[in-house]
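Student: I would like to go through the labels given to this structure and ask what each one rests on. Please set each value against its cut-off.

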Amino acid sequence: MSLPFTILLPYFFSILSLYFVSLTHSKVARLGISSTMRPAETVYASADNSGLEFFYYDQNLDHFTFTPESFQTFQQRYAINSKHWAGAKSNAPILAFLSEESSLEANLYDVGFFQDNGPRLKALLVYIEHRYYGKSMPFGSAEEALKNASTLGYLNAAQALADYAAILMHVKEKYSAKHSPIIVVGASYGGMLAAWFRLKYPHIALGALASSAPLLYFEDTRPKFGYYHIITKVFKETSEKCYKTIRKSWKEIDRVAAKSNGLLILSKKFKTCAPLSRSFDIKDFLDTLYADSAQYNGNPGYWVTTVCNAIDDPPNRKHYVLDRIFSGVVAFLGNQSCYDIDSIIEPSNDVTAWSWQSCSEIVMPIGHDKQDTMFQTAPFNMTRFIDDCKSSYGVSPRPHWITTYFGIQDVKLILRRFGSNIIFSNGLADPYSVGGVLEDISDSIVAIKTLKGSHIQDISTRRKDDPEWLVMQREKEIKIIESWISTYQNDLRGLNMS
């Protein structure tokens, strides 16, 4: 059945809007699986979630120490759909979705891969909410859990992976599914978690599908071209005229803002709900809009084309550069009485939690580099970023910890030596693809990429108008997963364990 769904915060890293560690300089790009800028009523999912049941698991606060405080627990939410599962007696597989920085509901309606393929695999479907997001809050409430660094300190990737391990072992025991193979799936930041889970817990997960996972977008593995290079490329290829108009608009905003009443003029021009106090805010709003339209282009709707058509041929026939830009805003967001440009940085539980993660270990050096020619140059500044994080939380980021802990400094050599059964899927039109694994590493660690694909498009719900290349990408992924399961089932029979 078709279910309308609300686009929640997953990016939006909703994995793509941008928000701030502080209101000074540093932007923190958030990963995630769907847009948060698009109006909710314009998007629909056809995912069938009938048969879904929700549960809570009594989860350890700290998996890695044995102090009295570490034995505190919290209620972690997960959901199960056993509608199509062939059962434990046949050692039927378990598909486990490892949630990213959002509530569980977003995954249930945005990720169609499970509903589309669960019947084919006869799989038990499991969705696990990430600690500190949705309803999985330690310390009794979001207010207490997100209060300061002392409580937020238990929010990190290693603890999240241990959570997933504990719940998956609990599920196998609950369903007497000792020999049912588990395939973990994740998207964006969740895709990073899925790949890392396979590496850290290979005795639990038979394999992993990591969709749009930029696990090489860190200081030690920084890509040659960055996030905004792809956005520039997508817009330029869509319309050279549109690209040039956007590029020209930044200086025009600066020029108008320099006038005595410039901020008032800009406020009226862009119909902001509240008067602008600085030009930076409208520029960041537009920056986020362009990023969002590129990251989720075609998933669904070809938003870059929508924006550029409005900019190139504004319906009001006004040709002033900022009138054209505003036409793009209206085309993307719809005709509104006013536009709340502060909505992208309004505090929420998800934003607070992800800001902490970005300030502690998920330090992704995303900035506007010289080659990102659609934007004004503003490279990522690690020193300034660290200062902002210290100001916000009183702690310093560890920009090298992720590469140290998960061992991805030389991904080809390291994963070839001790990794297996991982699919890295990427669409090359996704800005985060620059930090993804784009080449096969071994026979069982494979990269599946598509030229026109956008962020996590491969695991979104199937649509009748899906292009052939997307259909083929999904089929290739599921066939690889089926081969893993088949090999595993043969191993069970060979060991007389089936």
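**Labels and their cut-offs**

Tutor: The structure holds 24 aromatic pairs. One of them is F326 with Y339, whose ring centres lie 5.7 Å apart with planes at 85°.

Student: What makes the pair of F326 and Y339 edge-to-face?

Tutor: Rings of Phe, Tyr and Trp (its six-membered ring) pair if their centres lie within 6.5 Å; planes under 30 degrees apart count as stacked, over 60 as edge-to-face and the rest as tilted. The centres of F326 and Y339 are 5.7 Å apart and the planes stand at 85°, so the pair is edge-to-face. The pair links distant parts of the chain: F326 is in helix α12 (residues 321-333) and Y339 in the loop between α12 and α13 (349-360), 13 residues apart.

Student: What kind of model is this, and which residues count for local features?

Tutor: The model is predicted; local features need pLDDT of at least 70, side-chain atom pairs count only at pLDDT 80 or more, and totals for chains, interfaces and linings use all residues. Residues are numbered from 1 along each chain as its sequence is written, and side-chain values use heavy atoms, with hydrogens and water left out.

Student: How are the helices and strands defined, and how many does the protein have?

Tutor: Helices (H or I, at least four residues) and strands (E, at least two) are DSSP runs, numbered from the N terminus. The protein has 17 helices and twelve strands.

Student: Why are F326 and Y339 called buried?

Tutor: Buried means under 20% relative accessible area, exposed over 50%, and partly exposed in between (1.4 Å probe, protein chains only). F326 has a relative accessible area of 15%, so F326 is buried. Y339 has 1%, so Y339 counts as buried too. Of the 498 residues of the protein, 61% carry the label buried.

Student: Which residues form one aromatic cluster?

Tutor: The cluster is formed by Y217, Y227, Y228, F235, W250, Y290, F375 and Y432.

Student: How do you know that R120 and E482 form a salt bridge?

Tutor: A salt bridge is a side-chain nitrogen of Lys or Arg within 4 Å of a carboxyl oxygen of Asp or Glu. For R120 and E482 the closest N and O atoms are 2.9 Å apart, and the two form a salt bridge. The pair links distant parts of the chain: R120 is in helix α2 (residues 113-121), E482 in helix α17 (residues 468-494), and 362 residues separate them. In the whole structure there are 17 salt bridges.

Student: Are R120 and E482 buried, exposed or partly exposed, and why?

Tutor: R120 has 38% relative accessibility, so R120 counts as partly exposed. The value for E482 is 27%, and E482 therefore counts as partly exposed as well.

Student: Which other residue pairs form salt bridges, such as those of E144 and E219?

Tutor: E144 and K147 meet through their side chains in a salt bridge at 2.8 Å, N to O. E219 forms a salt bridge with R222, where the closest N and O atoms are 2.7 Å apart. Salt bridges that share partners also join R120, E475, K479 and E482 into one network.

Student: Why is K147 called partly exposed, and why is K452 called exposed?

Tutor: K147 has a relative accessible area of 48%, so K147 is partly exposed. K452 has 59% relative accessibility and therefore counts as exposed. The place of K452 is in the loop between β12 (445-450) and α17.

Student: What is said of S188 and S212, and why are S188 and S212 called buried?

Tutor: S188 has a positive phi of about 65° although it is not a glycine. S188 is found in the loop between β9 (182-187) and α6 (189-200). Its relative accessible area is 0%, so S188 is buried. S212 has a positive phi of about 50° and is not a glycine either; its place is in the loop between β10 (205-211) and α7 (227-238). At 1% relative accessible area, S212 is therefore buried.
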